[in-house]
Amino acid sequence: MSIVQIITIIGSIPLFSLRTFLPAFLTALLLTYPDYFPGLEDVPPVPEDAFISRNWVLIVLGSLSLLEIIGDKSTEVRNLLKNAETYLKPISFLAINLSLLDESSVDVLQEVQWAAFDPLWILLAFGTLFVHWLATLRKDFLDFLESIDEDDNLFIGKITSWIEDSLVLFGFLLLIWTGILMVILYATAITFFVFMRKRYNKKLEKQKLKCPACGEKNLPFAVKCRNCKQLQPQIYSIGIFGEKKKNLVSNIQKHQLNLISHRKCAECGNKLNSTRLFQNCHFCGNAHFQSPTVKEFIKYQDKKFYKLAGLSFLIGFVPVIGFLTSALMANIYLFSPYRRYISKGTSFLTKIFIKFITFLFFIIGIALGFIAAPAYIVLRYYIWKKKFTSRASKPHNFPSSVEKV
Ligand SMILES: [Zn+2]
Ligand SMILES: [Zn+2]
């Protein structure tokens, strides 16, 4: 086991925790065509009969990497693969490293009699577990980002995806040029990330308030205790990203409607997992939409809609920015609260149609924002509201999986 081998294995851990196929493809590409990589012109390629340098392997890995890069930009695809990925990534890591081992150190292994105890195997086993752990950590972090920007209105999902792609590419190049620097850099970044995550969780735990009646710790925006249902003396407002605001709630019903618009329990303030309208909260058992009702919720949304449609006419006079601001605000305040109750499975054609309409409105909105912005808001608001009300009128509102649109 050489130092280079150790660094290569350790350095590829963070890369495989980010992407399943891209680091595998880059490795195969490097071994087959080292002269494509600047600075490595003199490195001889692995023999042509080696598994990893076969043409079909390269083509398959390349296609899969491309699909991975494109698919990760879509919220639906990402959600579909999210859980499987935490297992696929360590498998991919192990497979690539084993195939490397197979080519380069087969002779060495034959010479060493205690080959079975080669520390390299221990390192590989440790690496595989580490990839799984990091991939799970990444998934939790993406889940957290998604809870802030559920519909990718702020493009957080797309931006992080591009950052991840770049991190894999950059990390890979850094690894082959100056491996030790890459390992130090990525290890520092991971340590910092884990530290920040711990600090954030601590902060969330600290924000919880003790119920005066039973001592149970509740979220700061809980109206009633999740354990004993006692009305809480201090209820904090909830921000647009689901964060705790500094001010206390004065109008409880309005606060509850705000919680519902975040798809949170109107009593204990916890997130509801299902997109169903009528469900019981997993934490306190409260029946969702019993109070406030669907009707009250729609009325609350309509009020916001009238205000924002009016406002968008005024700010529409500012070229470009006026339209963009209106569209973003409408997405966050008007469409998302409905969309959170509609399962994510709009057909491809509907999506293309919506993208086309948005683009058209954007073009008109550059100069005539005062017309385009209100028109865009009215049109899309009614589409989402209609989808929501049609779900509300269904008697049982079955789980979202049965009810793909
Ligand atoms: Zn209590
Ligand atoms: Zn609850």
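The following questions and answers walk through parts of a predicted model.

Reader: What kind of model is this, and how are residues numbered?

Author: This is a predicted model, in which local features need pLDDT of at least 70, side-chain atom pairs count only at pLDDT 80 or more, and totals for chains, interfaces and linings use all residues. Chains are lettered from A and ligands numbered from 1 in the order in which they are written, while residues are numbered along each chain, as its sequence is written, from 1.

Reader: Is strand 4 largely buried or in the open?

Author: Helices (H or I, at least four residues) and strands (E, at least two) are DSSP runs, numbered from the N terminus. A residue is buried if 20 or more other C-beta atoms lie within 10 Å of its own, exposed if 12 or fewer, and partly exposed in between, with C-beta atoms placed from the backbone. Of the five residues of strand 4 (residues 244–248), the number buried is zero, so the strand lies largely in the open.

Reader: Which residue in the turn between strand 3 and strand 4 has a positive phi?

Author: Strand 3 (residues 236–238) runs antiparallel to strand 4 and is joined to it by two bridges, where strands pair if DSSP finds at least two bridges between them. The two strands form a hairpin with five residues between them, and the turn residue whose phi is positive, at about 80°, is Gly-242.

Reader: Which residues of helix 7 meet helix 2?

Author: Residues are in contact if their C-beta atoms, placed from the backbone, lie within 7 Å. From helix 2 (residues 22–32), Leu-22, Pro-23, Leu-26 and Leu-30 take part, and they meet, in helix 7, Val-168, Phe-172 and Ile-176.

Reader: Is Phe-289 buried, exposed or partly exposed?

Author: Phe-289 lies in the loop between helix 9 and helix 10, and has a positive phi of about 65° although it is not a glycine. Because 19 other C-beta atoms lie within 10 Å, Phe-289 is partly exposed.

Reader: What is omega at the cis peptide bond between Ser-291 and Pro-292?

Author: Pro-292 is placed in the loop between helix 9 and helix 10. The cis peptide bond joining Ser-291 to Pro-292 has an omega of about -5°.

Key. Axes are lines fitted to C-alpha atoms, for helices over the stretch in contact, and angles run from 0 to 180 degrees between N-to-C directions. Two residues are in contact if their C-beta atoms, placed from the backbone, lie within 7 Å.
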